[in-house]
Amino acid sequence: MHPIESTAAARRPAAQPGVDDSPWHTSAACRSDEAGLFFAPSKEPTAARLAREEQAKRVCARCPVLLECREHALAQPEPYGVWGGLTAAERRVVLTRRRRREAEIRVPARIAG
């Protein structure tokens, strides 16, 4: 197995026996040989990283569990790789927006209470 693939395989969630007969990640498109696309090798040039990430996102776009994967990565939060069609930087933006929205909801609730 290629070192990148072993890293990717290690980062993807493992099946948890007894939790569910078919956890969401067993249907993930990235479970094929394409898993090496999802994590950057060390010192990857920017152009190569962007091309690899776009290719990974194309795999995500056809994945039947894209939303489950994305929510997993946001809930963890996963600091590396492409998960649910989003890069680590894109996930940070989503999380920041969610936190702001939640804060906006809580502030009026305190004022009204």
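**Side chains and their contacts**

Colleague: Is Cys63 buried or exposed?
Modeller: Relative accessible area decides this: under 20% is buried, over 50% exposed and in between partly exposed, with a 1.4 Å probe and protein chains only. The value for Cys63 is 15%, so this residue counts as buried.

Colleague: What kind of model is this?
Modeller: Happy to say: residues are numbered from 1 along each chain as its sequence is written, and side-chain values use heavy atoms, leaving out hydrogens and water. Local features need pLDDT of at least 70 and side-chain atom pairs count only at pLDDT 80 or more, while totals for chains, interfaces and linings use all residues, because the model is predicted.

Colleague: How many disulfides does the structure hold?
Modeller: A disulfide is a covalent bond between the sulfur atoms of two cysteines, and the test here is a pair of cysteine sulfur atoms within 2.5 Å. Cys30, for one, has its nearest cysteine sulfur, that of Cys69, 5.9 Å away. For Cys63, the closest cysteine sulfur is 6.2 Å off, in Cys30, too far for a bond. The number of disulfides is zero.

Colleague: What is the relative accessible area of Cys30?
Modeller: Cys30 is in no disulfide. Cys30 is buried, and its relative accessible area is 9%.

Colleague: Which residue forms a salt bridge with Lys57?
Modeller: A salt bridge needs a side-chain nitrogen of Lys or Arg within 4 Å of a carboxyl oxygen of Asp or Glu, and the structure holds four. For Lys57, the closest N and O atoms are 2.7 Å apart, and the partner is Glu90.

Colleague: How far apart are the closest N and O atoms of Arg98 and Glu71?
Modeller: Arg98 is partly exposed at 28% relative accessibility, and Glu71 is partly exposed too, at 37%. Their salt bridge has its closest N and O atoms at a distance of 2.6 Å.

Colleague: Which residue pairs its ring with Phe39?
Modeller: Rings of Phe, Tyr and Trp (its six-membered ring) pair if their centres lie within 6.5 Å; planes under 30 degrees apart are stacked, over 60 edge-to-face and the rest tilted. The whole structure has one aromatic pair. Its ring centres are 6.4 Å apart and its planes at 85°, so Phe39 sits edge-to-face with Trp83.
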